Amino acid sequence: MMNNYNNHLGISINPNYVPFHVQSAPSVPLEVELTELGTRLKLSGQVEEGLSKYFEALRVNANYPPVYYNIGVIYSEQGDYPQALKFYHTALVMNSLYVEAYSNIGVIYKNMGNLELAISFYEKALAINPNFVISKSNMAIALTDLGTKTKLEGNLAEGIKLYKKALVYNSQYSDAYYNLGVAYGEKCDFDKAIICYELALHFNPRCCEANNNLGVIYKDRDNLEKALQCYHAAIQINPKFSQTLNNIGVIYTVQGKLDEAFQAVSAAIEVNPDYAEAYNNLGVIFRDEGKISEALQCYEKCLQFNPYSRNAGQNRLLAVNYLVKLDAHNLFAIHEDWGMKFAAQFKPYQSLQIDFSPNRKIRIGYLSPDFFTHSVSYFIEGILKNHNDKDFHITCFSNVIKEDEKTKRFKQYAHSWKNVYGLSAEAAASIIENEKIDILIELTGHTSGNRLDVMAMRPAPIQITYIGYPNTTGLKEINYRITDAFCDPLNTTQKYTEKLVRLPNSFLCYTPLIDAPTITQSPCLTQGFITFGSFNNLGKINDDVIQIWSKILLRLPKSRLIIKCKPFASKTVQMCIWKKFELQGIEQSRVDLLGLIPVCNDHLKTYNLIDISLDTWPYAGTTTTCEALWMGVPVITLKGQFHAQNVGVSLLTQIGMKELITNTKEEFIKVAVELSQDLGRIQRLKGSLRQKMSQSGLCNDVTFTVDYEAVLRRLWIEHCHSK
């Protein structure tokens with residue numbers, strides 16, 4: 001049957017036929033067999049045995065490129081880069097198109113830190129095979145690393161180009177997107193930074209750094225809930241990521257949730273006990289709780305780990321202003337010491353191309369992070385609005401993170417507006433120097449967002465500090481400090497590195513909220529008792545203040561006290577304050593604690609709940625005092641030894657309310673009690689204070705600006721004559 005079948009197919013049978021599958025295979029060259037055996041041994045973990053087989057292959061055929069290549073791989077994996085390079089190059093001599101050898105040489109140079117040379121070998125590999133995936137991936141890695149190196153060397157633009165080039169080779173490389181996001185963030189192009197971070201997370205959902213950095217951007221944009229979402233996403237990936245734990249603490253601190261803030265920052269320190277900035281933020285939490293001594297200890301701890309921590313150094317200076325037992329000499333010394341160390345980090349301009357003609361138009365520059373709805377903005381707006389265009393050219397150098405409607409208004413007042421947020425001191429100073437500014441006035445001192453680094457560069461011939469800080473900056477590069485004879489009497493014992501320039505009346509001019517709420521009837525008339533109040537921060541409400549306030553409440557058994565500040569979102573902080581009053585004999589039920597009210601108009605309405613405002617010491621209120629007076633609430637203040645305590649003296653003098661200025665704590669109590677017993681006077685003040693204030697020098701921005709400009713002109717003339 002079979003023979004018949006085969007015959008039917010027409011196939012002749014060869015009796016000597018041997019089927020193909022049982023024929024002898026062509027012989028494999030021995031060097032190939034040995035090389036393949038060496039590779040199998042290496043992959044099984046027998047590296048030395050594999051290397052031995054490779055060298056045995058060389059003895060069989062010294063002109064076989066793959067064996068040189070494989071020997072190079074082993075030496076490279078062992079970290080013996082010179083030997084690896086020797087064998088890779090030998091392989092290339094024998095086979096100039098050996099793409100894998102070019103690629104691996106690139107890896108070695110990348111690992112050795114020679115990124116440019118690594119890139120050149122990846123380019124050679126890709127010139128041979130443009131689709132060689134390994135080389136494309138390695139090229140993306142090397143270009144990203146080179147981008148970071150270039151950026152750190154100060155060439156941000158070139159770094160961005162290199163990151164973008166990396167993505168040409170690998171459009172899904174998460175690290176390139178992440179680093180591009182960092183670069184855009186440094187460039188203050190936050191919209192692009194967000195896109196890059198989100199792409200980094202798309203291709204690598206476990207990139208916790210991208211989540212963290214997104215959180216920082218949203219925090220700066222005041223989108224705190226979105227920031228927390230990003231931070232918590234990072235923590236889910238890495239529960240011990242100390243930077244994110246610290247950042248979560250910052251968010252809760254901003255929200256006044258100090259219990260949660262303390263827990264988060266403490267967790268960051270537990271994970272990383274040497275984390276300097278976490279100690280700084282712990283200090284901020286203690287400061288917001290009113291625990292100044294503990295805050296100072298945390299700032300010192302931060303400075304132990306990082307002596308150059310600008311945040312801790314300046315927070316420490318701010319905190320000492322809250323201490324009850326202030327010593328003028330030590331207070332000055334700590335500022336002066338900071339100033340000398342800080343200034344040493346910068347190289348100031350030695351000469352400026354300025355026309356020192358005394359009577360020409362003066363170019364004024366204002367440098368501030370607070371050109372938005374912020375306390376400082378209420379005291380600079382009147383000046384910006386009323387500057388004499390004929391005699392002064394105004395440039396605002398804005399370090400504002402998040403602009404608002406007030407920012408837009410300020411831009412209309414200025415002749416020129418320059419954004420310096422995110423710029424280095426050198427870059428910002430260069431902009432100021434190019435603007436030929438004659439008098440540069442910074443408005444922040446040691447408070448948040450300051451640019452004292454720019455002032456240290458001395459980009460203007462006359463430099464002044466004003467409004468934002470109640471003490472010396474400590475920087476000798478700043479010539480003057482604007483004040484008045486009420487805050488800094490001629491016989492003051494407080495010392496400054498700057499020369500004091502006293503305005504003829506108050507050093508402040510207040511511009512009230514445009515849509516301030518209507519003033520209502522004094523609550524004492526309907527409630528039958530006096531309600532005292534203070535909306536100052538807890539750092540100002542020290543034990544001495546609480547003791548004196550308590551004595552007033554004890555003298556008036558039916559009276560109550562309202563304290564409003566952000567940290568009362570924390571139950572622990574509330575209990576701590578209530579406990580302090582209870583120790584002075586005041587029941588918890590008599591002290592109402594209100595938390596943050598973010599809308600300005602609603603915040604001002606809260607003043608309608610109180611009859612009399614009680615000031616603090618040794619750090620008195622400024623904006624809160626003006627707000628209270630504008631809402632018809634009289635403020636009782638205590639005169640002191642230092643500028644910070646005497647701001648209320650200056651403000652009340654300007655509106656003709658000197659009778660509310662006291663010289664001793666006993667007098668403070670006496671005035672508070674006597675005013676409380678005169679309900680008719682309280683109501684009359686309620687109905688007249690706003691008008692009285694608006695007609696006073698405190699709110700007469702036109703006259704104030706004329707006096708202010710006269711002082712600036714005098715300083716300019718004196719400087720010109722000194723040349």
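Visitor: What makes a group of residues a nonpolar surface patch?

Guide: Such a patch is made of residues with over 30% relative accessible area and no salt bridge, their nonpolar side chains being joined within 5 Å. In this predicted model, I195, L199 and F203 make a nonpolar surface patch of about 230 Å².

Visitor: Why is F203 called partly exposed?

Guide: The relative accessible area of F203 is 31%. Partly exposed covers values between the buried limit, under 20%, and the exposed limit, over 50%; F203 is therefore partly exposed. Its place is in helix α11, residues 190-203.

Visitor: How many salt bridges does the structure hold?

Guide: The structure holds 31 salt bridges. Side chains of opposite charge can pair when their charged atoms come close.

Visitor: What makes the pair of K291 and E289 a salt bridge?

Guide: A salt bridge needs a side-chain nitrogen of Lys or Arg within 4 Å of a carboxyl oxygen of Asp or Glu. The closest N and O atoms of K291 and E289 are 3.4 Å apart, so the pair counts as a salt bridge.

Visitor: Is E289 buried or exposed?

Guide: E289 has a relative accessibility of 12% and therefore counts as buried, the limit being under 20%.

Visitor: Which parts of the chain does the salt bridge of E659 and R681 link?

Guide: The side chains of E659 and R681 meet at 3.3 Å, N to O. The pair links distant parts of the chain, 22 residues apart: E659 lies in the loop between α29 (643-654) and β13 (661-662), and R681 in helix α31 (residues 679-694). E659 has a relative accessible area of 39% and is therefore partly exposed; R681, with 24%, is partly exposed as well. Elsewhere, salt bridges that share partners join R310, R451 and D453 into one network.

Visitor: Why is S309 called buried?

Guide: The relative accessible area of S309 is 5%. Buried means under 20%, so S309 is buried. S309 lies in the loop between α17 (292-305) and α18 (310-320).

Visitor: Which residues does S309 touch, not counting residues up to four places away in sequence?

Guide: With that exclusion, S309 touches E277, C302 and L303.

Definitions and conventions: Residues numbered from 1 in each chain as written. Predicted model: local features only at pLDDT ≥ 70, side-chain atom pairs only at ≥ 80, totals over all residues. Heavy atoms only, no water. Patch = residues over 30% accessible without salt bridge, like charges linked within 9 Å, V, L, I, M, F, W, Y side chains within 5 Å. Areas by Shrake-Rupley, 256 points an atom, 1.4 Å probe, with all protein chains shown as cover. Helix = DSSP H or I, 4+ residues; strand = E, 2+ residues; numbered from the N terminus. Buried < 20%, exposed > 50% of the residue type's maximum accessible area, 1.4 Å probe, protein only. Contact = heavy atoms within 4.5 Å.
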